[in-house]
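This briefing concerns the predicted model shown below.

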Amino acid sequence: AIAMSQAPECLEGAVREVELGGLDAASATALLRDRGVPEDRRREVVSVTKGHPLFLELMAASGGRGLADVRTYLREEVASRLEPREQEILSSLAMHRHPVATDAVAPQVADVSRLESLADRSLVRLAGGTVDMHDVLREFFYSRLTTPQRLRLHADAAVYYEGRPDPEARVEIVYHLVQAGKGKEAAAILGGVGRVLAAKGLQDEVLRLAGMIDLRALEPADRVPLLLLRGEILSIRGEWRAAQASFDEAAATAEDLEDRRGHARAVLEIGVLDYRRGDFDAARAGFDEALRIVGDADVAIVARILNALGILEWQAGNLAAAAQLYERSKAAYDEAGDVAGVAGAINNLGILRWQQGDVDGALAQYAESLRLSEELGDSRTVAILYNNIGEVYRRKGDGPNAAKFYDRALALSEKLGFLWHMGEVHRNLGRLLADPRGTEHLEKALAIFEGLGARRDRDEVVRLLEERRGAPSE
């Protein structure tokens, strides 16, 4: 290994010419190749250095064999030369997973000049009022902290994010509270805002945060909202067996607590799984039981149950009964102040218009629902509406516009991991497209529905494929 008491001469000015985020894998590999690093060591060097040009050059100077000396260099040539306040600033910045406003780590006027000095030495990156650091440096400074220091700095970071209104800030608050050892507080926030965050497309982050919290360490009352949240996200992702287990545990725990609201929500969600599997009788029994349990304890849950019962009536062809239930659901959502629920009810009323042949009326309902959903940032409902608007254009005989909205629905559903809805859109594209692309979409829908165990949807796609394959070739 090379001695790293000082940087090689070839480094002079190199770091400042490259973004602090580092080189991408291809560029980093090319640099190592040009510096003569053996091919069998390049991938490891890129992984360890994360593309930081300084450390790439250091490793290249050793032929790729100085990996263990990166930390030594950082300790002896970087950290040892920092002022105490500079070390505090870098340690604070190391807590954050993303760029933050400079006042998050430099609250004092004098600290700003220190940040600028650190930027001059390529230890941080300043841009547009934010500050960030390279992952190698973040890991180094984080690893030097004691446990009490980490707990304190994570708690400070959580306080910083409390003043930010964006959804990503809610994610960071929960993350830092967990890391600060404040699991109860983290669980309370995540249980309260998790559904909204998931609907905005942050379901993967929400699921990871739920996994970071030790549910067994929580009081049963604090555990129920997280079990419900985890189950809902797993259901959307198509992991129905795991979702069922989470809902079952939530139902049992809530029942023991005599928590009517939590118990009803869990039973409702189990009914939704039964519906998606194609067992409409079990779904209806679950929805009726959820309505009995909740009584008048929560109008928002009553609204969801009425909406679910309306969908069953729609599936049975009882359109008048479905319309009544949707209107009751919409009124209940209005009473609860649940704008997302109102948007969903309007969407379902639009589906009834579509099924009755009033395509222009359906389009008007969808437009109103889409406006509300986009204002809320409810990506999941937006994906559903894109699909439904595509259906309207298909009914009108406007293939290009139908395909455009189906494609939007599919792209957004894929981004959200909304597996069951991906199957829905593939099925509709299969209906729309008469060429081999349509067959390919139907085959993708079949694979999704078979994997989910959605029997009714699977059987319909099988029928569509049989009709297509049995059609005479042109």
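At 32% relative accessibility, L376 counts as partly exposed, where buried means under 20% relative accessible area, exposed over 50%, and partly exposed in between (1.4 Å probe, protein chains only). This is a predicted model, in which local features need pLDDT of at least 70 and side-chain atom pairs count only at pLDDT 80 or more, while totals for chains, interfaces and linings use all residues. Residues are numbered from 1 along each chain as its sequence is written, and side-chain values use heavy atoms, with hydrogens and water left out.

**Residue L376**
- L376 is found in helix α18, residues 359–376; helices (H or I, at least four residues) and strands (E, at least two) are DSSP runs numbered from the N terminus.
- Leaving aside neighbours within four places in sequence, L376 is in contact with K200, V339 and A340, contact meaning heavy atoms within 4.5 Å.
- L376 and K200 are 176 residues apart along the chain, and their C-alpha atoms are separated by 8.2 Å.

**Confidence and overall make-up**
- The average pLDDT, the predictor's confidence in each residue from 0 to 100, is 87 for the protein, and 86% of the residues score at least 70.
- Over residues 1–20 the pLDDT is below 50, and this stretch has 42 contacts in the model beyond near neighbours in sequence.
- The protein contains 23 helices and 3 strands.
- Of the 474 residues in the protein, 50% are buried.
- Among contacts with a separation of 6 or more, 60% are between residues 24 or more positions apart.

**Nonpolar cores**
- A nonpolar core is a set of buried Ala, Val, Leu, Ile, Met, Phe, Trp, Tyr and Cys residues joined through side-chain atoms within 4.5 Å.
- The largest such core has 117 residues, and those with the most contacts inside it are F141, L190, I213 and F287.
- Helix α10 (residues 183–212) supplies the largest share of this core, 10 residues.
- A second, separate core of 7 residues includes A332, A343, I346 and L372.
- Apart from neighbours within four places in sequence, I213 is in contact with V178, G183, A186, A187, L190, L218 and L226.

**Residue L209**
- L209 has its place in helix α10 and is buried, with a relative accessible area of 1%.
- Not counting residues up to four places away in sequence, L209 touches V171, V174, Y175 and L190.
- L209 and G194 are 15 residues apart in sequence and 9.7 Å apart in space, C-alpha to C-alpha.

- D274 is found in helix α13, residues 260–277, and is buried because its relative accessible area is 16%.
- D274 touches D279, A282 and A283, not counting residues up to four places away in sequence.
- E258 lies in the loop between α12 (240–257) and α13 and is exposed, with a relative accessible area of 71%.
- The phi of E258 is near 60°, a positive value in a residue other than glycine.

**Cavity**
- On a 1 Å grid over the protein atoms alone, a cavity is a set of points where a 1.4 Å probe fits but cannot get out, and lining residues have an atom within 4 Å of a point.
- The structure holds 1 cavity of 30 Å³ or more.
- The largest cavity has a volume of about 40 Å³, a volume being the space filled by probe spheres set on the points, which are joined across faces, edges and corners.
- The residues lining the largest cavity are A198, Q203, I236, R380, L416 and F418.

Key. On a 1 Å grid over the protein atoms alone, a cavity is a set of points where a 1.4 Å probe fits but cannot get out, and a pocket is an open set with protein on both sides within 12 Å along at least five of seven lines; lining residues have an atom within 4 Å of a point.
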